[in-house]
Amino acid sequence: ERFGRGDAEWFVMPRERVRGNDPSSSGGSGGDSEGSELQSRRAEAFDAGHYANLGAGAVAGRFTRIPDGDVPGTPPDYRFLQDYLPTRLEHDPLPRQGATLAYGLPGVTATVDTERRINPTQLTTERWFGVQAQIHPLRVVGPLHVAGDTWVEDLHQVHVGTSATRLTSRAYATAGEWFPGGIGSDATAGVKEVRYASGEIAGVAQDDAARRAFFTDAGIKLRLSADLDGMSHTLVPRIGVQLIGPGAGEVLPVYGFGDGRESFEEDARYWVAGFDTNLVADRTLFHATVVSRWSMREKERMYVDDSGASQLSPQRLADISGTVDGSPWQPLRLNASFTYDARPRQWTIFNTAAAWRVAQFMSLTESSTLIPESRSWSHTPGVALFANRYRVDGAVTLRPEGAAVDSWLIEVTRRMVDGDLFLGYEFVRDETGEISDRRISIGFTLAAGGSDLGDSTPSAKTSLSR
């Protein structure tokens, strides 16, 4: 830990036969349920990262390379990682290539970073250089504090010739106070700004532009608490308003960088209602945070449906979001997160996960994810068995389309003095229920200081597929 921690994984498929339907071909697969052979290739994936604590700061770097998509010359997707490196994808879900340095100084935290594509064909935005500064809340008088943040980014979409330097910033004052009787209030008010300079869209130069708007969020809350036979329960309901003023300045060019900082919300008014609750004993038995927004005007009730047409929601509820987690029983751990867009009446996010240590030698897991496009669920139940130096993992994937069981996996791991050795077999069916792959995996990990059956360590892996 003196020099930080890191890991690396290199995966080689000496000859991968990729089958499917080429979207550029109008002939389809000609009746072959597995499609035509798109390519036969030597495929490699490499993922390495290092993370170090600098005391008042931290540094992190990660280098990832994955093959092109199934059709030669197309951008990569998650299919390759899901097929051959599912464990890696589970622990490091976002393949990245970049470096970040963050350091805290009195009153401010500064971050410098860079982010590049993980494949030359990838259609995504690169941040060649970014500097972010976050000013910590500074007390002015009583409960009143001032704070702010700013982020300068040099953004590029090389594949379409689009680039710009973007500045996003906020400056605000915030205050909160609890009064006798458990009544509290809080308020935040400030101004936000987005500014573009030296911009090009598809090689065409753009004028510099900046736009700003005032915003405020204020509410009152009530703290209720009780001691219940060795447990402590708190409930904090809150109601308030969220107001964003009309924008001022130039009309911002549409660069399409595809992140949340690019969208500039303005002239919006919502009522806000929510709660935070916590039940604690020797651990957190249950914790939940839920926030809902309600439209004040007809403008906030407008939404765009699946056909691209503007519609008016018949209700004032705009959206609900929340998180739930806890351990109601010592061996059991649960968590969930969700977002419901009430205007088109659609769940946009709903994820659940559970882990149950049934006994010292057995653990059960289950994760479920809502697929918004099809409004269906994907379930992945699993089991892990422990016996001295051995561990056996099994899991199945269940989706509504295709076969009753879309895939199943079994993996046996042997813990050794300086690493792990494992053997795995996976059976996969595609969305039509046809057999798409059978995989045998042999791998080993090397760990400085010994193995712990679960830590990420430098590894090598070989996989045979037919």
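## A pair of tryptophan rings

W329 has a relative accessibility of 48% and therefore counts as partly exposed, a class that lies between buried (under 20% relative accessible area) and exposed (over 50%), computed with a 1.4 Å probe on protein chains only. The structure is a predicted model, in which local features need pLDDT of at least 70 and side-chain atom pairs count only at pLDDT 80 or more, while totals for chains, interfaces and linings use all residues. Residues are numbered from 1 along each chain as its sequence is written, and side-chain values use heavy atoms, with hydrogens and water left out.

There are 11 aromatic pairs in the structure, a pair being two rings of Phe, Tyr or Trp (its six-membered ring) with centres within 6.5 Å, called stacked if the planes are under 30 degrees apart, edge-to-face if over 60 and tilted otherwise. In one of these pairs, the ring centres of W329 and W356 are 5.7 Å apart and the planes stand at 50 degrees, so the pair is tilted. Because W329 belongs to the loop between β19 (317-326) and β20 (332-341), whereas W356 belongs to strand β21 (residues 346-359), the pair ties together parts that are 27 residues apart in sequence. W356, with a relative accessible area of 31%, is likewise partly exposed.

## Other rings and the charges over them

Ring pairs also join F338, Y340, W347, F350 and W377 into a cluster.

Charged side chains take up positions over two other rings. The charged end of K192 sits over the ring of F264, at 5.1 Å from the ring centre, and the charged end of R293 sits over the ring of Y270, at 4.1 Å from its centre; for this, NZ of Lys or CZ of Arg must be within 6 Å of the ring centre and within 35 degrees of the ring normal.

## The chain as a whole

The protein chain contains 2 helices and 28 strands, which are DSSP runs numbered from the N terminus, with at least four residues (H or I) for a helix and at least two (E) for a strand. Of the 466 residues in the protein chain, 33% are buried. Among the contacts in the protein chain with a separation of 6 or more, 49% are between residues 24 or more positions apart, a contact being heavy atoms within 4.5 Å.

## A cavity and a pocket

A search of the whole structure finds 1 cavity of 30 Å³ or more, and the largest cavity holds about 100 Å³ of space. Its lining has 16 residues, of which D47, T64, L81, L85 and R88 are the closest to its centre. At least two lining residues come from each of β1 (5-20), β2 (36-53), β3 (57-65) and α2 (86-91). By type, the lining of the largest cavity consists of 9 nonpolar, 1 polar and 6 charged residues, where Ala, Val, Leu, Ile, Met, Phe, Trp, Tyr, Cys and Pro count as nonpolar, Asp, Glu, Lys and Arg as charged, and the others, Gly among them, as polar.

The second largest pocket has a volume of about 480 Å³. Of the 22 residues in its lining, P95, R96, E115, Q122 and T124 are the closest to its centre, while β6 (126-141) and β7 (144-157) each contribute at least two. This lining of the second largest pocket divides into 8 nonpolar, 4 polar and 10 charged residues. On a 1 Å grid over the protein atoms alone, a cavity is a set of points where a 1.4 Å probe fits but cannot get out, a pocket is an open set with protein on both sides within 12 Å along at least five of seven lines, and lining residues have an atom within 4 Å of a point. Grid points are joined across faces, edges and corners, and the volume is the space filled by probe spheres set on them.

## Individual residues in loops and a strand

Most residues other than glycine have a negative phi. A202, however, has a positive phi, near 55 degrees, and is placed in the loop between β9 (183-201) and β10 (204-206), where its relative accessible area of 57% makes it exposed. N388, which is not a glycine either, has a positive phi of about 55 degrees; this residue lies in the loop between β23 (376-387) and β24 (390-397) and, at 72% relative accessibility, counts as exposed.

G230, in the loop between β12 (224-228) and β13 (231-244), is exposed with a relative accessible area of 72%. Neighbours within four places in sequence aside, G230 is in contact with V280 and A281, and the C-alpha atoms of G230 and A281 are separated by 6.3 Å although the two are 51 residues apart along the chain. H287, in strand β16 (residues 284-295), touches D276, T277, N278, T323, V324 and D325, residues up to four places away not being counted.
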